[in-house]
Amino acid sequence: MAFTLYALLQASLLIVNAVAVLHEERFLRHVGWGSDQGIGGFGEEPGIKAQLTNLIRSIRTVMRVPLIALNSITIVLLLLFG
């Protein structure tokens, strides 16, 4: 498989899919990345762990409907063009 723009987009779609299916109580809380783990004080900058959990939560919230459409388009393209 050649390194093309389509392959790069497909790999990024797979990564976003992997982040979107992470379950907070089953997986993230067991590794110490639950929603209650990264609470800081007032005026403090959030750490990298809190920023990553916020990124995962926002990807799950915002990208739910676009991921369905992008996955459907990718499946159709793969069926048509191999």
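Just after helix H4, glycine 82 takes a positive phi of about 75°. Helices here are DSSP runs of H or I of at least four residues, and strands are runs of E of at least two, numbered from the N terminus. The model is predicted: local features need pLDDT of at least 70, side-chain atom pairs count only at pLDDT 80 or more, and totals for chains, interfaces and linings use all residues. Residues are numbered from 1 along each chain as its sequence is written, and side-chain values use heavy atoms, with hydrogens and water left out.

Over residues 62-81 the chain is 95% helix and 0% strand, with end C-alpha atoms 30 Å apart.

Confidence is expressed as pLDDT, from 0 to 100 for each residue. For the protein chain the mean is 83, and 87% of residues reach 70 or more.

| Helix | Mean pLDDT |
|---|---|
| H2 (residues 24-28) | 75, lowest |
| H4 | 93, highest |

A nonpolar surface patch consists of Tyr6, Ile73, Val76, Leu77, Leu78, Leu80 and Phe81, with about 690 Å² of accessible area together. H4 (residues 64-81) gives the most to this patch, with 6 residues. Tyrosine 6 lies in helix H1 (residues 5-20) and is partly exposed, with a relative accessible area of 35% (buried is under 20%, exposed over 50%, partly exposed in between, with a 1.4 Å probe and protein chains only). Areas come from the Shrake-Rupley method with a 1.4 Å probe.

Definitions and conventions. Patches are made of residues with over 30% relative accessible area and no salt bridge: like charges are joined within 9 Å, nonpolar side chains (Val, Leu, Ile, Met, Phe, Trp, Tyr) within 5 Å. A salt bridge is a side-chain nitrogen of Lys or Arg within 4 Å of a carboxyl oxygen of Asp or Glu. pLDDT is the predictor's confidence in each residue, from 0 to 100.
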